[in-house]
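Colleague: I have a two-part request. Show me the model, then take my questions one by one.

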Amino acid sequence: MNPRSCHRHQDVLTDLEAGLEVGGRDADRAHAHLEGCEICRRRIEATALAIVGLGRLRAEVEAAEPSPTAWEQLQRRVIGEAAARVAPSRRRMPVGFPMLSSLTAALLLVALAIPVSTGRSAAPQQLLEPGTRPPAVVSGTDGRLPVELVRPEGDGPAPLLFELLVSDPVDAIQPAARARAAEDCSATDGQGDCSTGTGPLPGGPRPT
Amino acid sequence: MEGWATGLTEADTESATLLAGMRDGDPAAFESFFYRYQRVVFATALGLVGERATAEEIVCDAFLRAYASRATLDPARSPVPWLQRVTVNLAISHLRRHRFITAPIDDLVHGALPRTTPGPLERRETELYVESCLARLPVPLRAVLALRYLLDLSIAEIAAILDETPSTVKHRIRSGLTRLRDEIADEEAGRPLPVNVPPLRGEPE
């Protein structure tokens, strides 16, 4: 059989095997060619085998069950992304960055000088008592990310707890946050929008 | 797996209710939405990437995007095509980033070992075999073959998901099958012989 002739019918034969639409005359010609061409017959058989193999994979894909913890994984991702969204905003440089950085440096110097003058070590790692969490620990499961700050001055670390309300995904997904918001809303005597659950939350107004 | 691959265009009142609930910020609606469409999204991801852990990550990403886009999703239409489109795009991005390590590990290990039994391949072995050949195809060809043969989508549905013309999809299916056939033939030719097969005449013992 002429290889050129094989080439001419190859696409049509593959389309036929793949179940794709082929014009009647083209199909008839390709079938006629196939009758007398051993090479094309073998190729078509190999293509059919590949399709059978794909069919077996399909059965496996159809039978595969999603993870039973998929919803929990999604919730963890939402919280992780919300925390990541909070973190870069802290790194963003404000317009008056040089002035603020000088101010921060001055404050740091003062903070370090106080323990030195009172006889305490100024080493940064000793500003925290053993067993206390490092500053700005971000965690949270109920729609708010409590951020714990530790004051260096005084007898011991006095944690200041702030609650950063992250934007929509967390508080919208977490029922606890909404329930609390609804409670707060009723407690504020109708000041918030109770119908949508976006009323004022303790710790400050809702960020946009 | 009833209806997950076929309900592409039919409007679905339950999904409309869920989407409306998501728009209103109802967390239970999002949870129900997730459980309703999790399976189709997972099957789509698994069909394309062929790896369970990655498919689960893609499922998360797809639903995060669905949540972020809840205001723009049309409640009058089934969200399945949208979800499949997002999933396919995420899977294709993953495959492009990891194109050199797509073969399953157990297949790589298995391929390195000589076969001890001649004759027809076991069912599971064939699946891994075809999967590893599929993983070696260029991503666009692999994607159309997975959508067509693993997820049983029509040419029109694949064209809509990939934002291509039906003739482009047909062309890719044809090219993909030809490449897959050749990959399988190469794999067969390069496969170690079963240990109990006597050497060919003239070959040193």
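Colleague: Where is the place of B:His94?

Modeller: First, the ground rules: this is a predicted model, where local features need pLDDT of at least 70, side-chain atom pairs count only at pLDDT 80 or more, and totals for chains, interfaces and linings use all residues. Residues are numbered from 1 along each chain as its sequence is written, chains are lettered from A and ligands numbered from 1 in the order in which they are written, and side-chain values use heavy atoms, with hydrogens and water left out. Helices (H or I, at least four residues) and strands (E, at least two) are DSSP runs, numbered from the N terminus. On that basis B:His94 belongs to chain B, in helix α4 (residues 80-97).

Colleague: Is B:His94 buried or exposed?

Modeller: Buried means under 20% relative accessible area, exposed over 50%, and partly exposed in between (1.4 Å probe, protein chains only). The relative accessible area of B:His94 is 15%, so B:His94 is buried.

Colleague: Which residues is B:His94 in contact with, leaving aside its neighbours within four places in sequence?

Modeller: Contact means heavy atoms within 4.5 Å. With those neighbours left aside, the partners of B:His94 are B:Val49, B:Thr54 and B:Ile58.

Colleague: How many helices and strands are there in chain B?

Modeller: Along the sequence, chain B reads α-α-α-α-α-α-α-α-α. Buried residues make up 49% of its 205 residues. The count for chain B is nine helices and zero strands.

Colleague: What pattern does chain A follow along the sequence?

Modeller: Chain A has seven helices and three strands. Of its 208 residues, 29% are buried. The pattern of chain A is α-α-α-α-α-β-β-β-α-α.

Colleague: Among contacts in chain B between residues at least 6 apart in sequence, what share joins residues at least 24 apart?

Modeller: In chain A, 43% of contacts between residues at least 6 apart join residues at least 24 apart. For chain B, that share is 70%.

Colleague: How many aromatic pairs does the structure hold, and what is the geometry of B:Phe33 with B:Phe63?

Modeller: Rings of Phe, Tyr and Trp (its six-membered ring) pair if their centres lie within 6.5 Å; planes under 30 degrees apart count as stacked, over 60 as edge-to-face and the rest as tilted. Over all chains there are eight such pairs. B:Phe33 and B:Phe63 sit 6.0 Å centre to centre with 80° between the planes, so by the cut-off of over 60 degrees the pair is edge-to-face.

Colleague: Which helices does the pair of B:Phe33 and B:Phe63 link?

Modeller: Both residues are buried. They are 30 residues apart. B:Phe33 lies in helix α2 (residues 27-49) of chain B and B:Phe63 in helix α3 (residues 52-68) of chain B.

Colleague: How many residues apart in sequence are the parts that B:Phe34 and B:Phe63 tie together?

Modeller: B:Phe34 and B:Phe63 are also edge-to-face, at 4.8 Å centre to centre and 65° between the planes. B:Phe34 is in α2 of chain B and B:Phe63 in α3 of chain B, so the parts tied together are 29 residues apart.

Colleague: Which residues do ring pairs link into a cluster?

Modeller: One member, B:Tyr67, has the charged end of B:Arg70 over its ring, 4.1 Å from the centre. A charge sits over a ring if NZ of Lys or CZ of Arg is within 6 Å of the ring centre and within 35 degrees of the ring normal. The cluster is A:Trp71, B:Phe30, B:Phe33, B:Phe34, B:Tyr35, B:Tyr37, B:Phe63 and B:Tyr67.

Colleague: What area do chain A and chain B bury between them?

Modeller: Buried area is the accessible area (1.4 Å probe) that two parts lose on being put together, summed over both. Here 38 residues of chain A are in contact with 43 of chain B. Carbon and sulfur atoms hold 64% of the buried area, which comes to about 4,000 Å².

Colleague: Which three residues supply more than any other three of the area that chain A buries against chain B?

Modeller: Their share is 17%. They are A:Leu54, A:Arg56 and A:Trp71.
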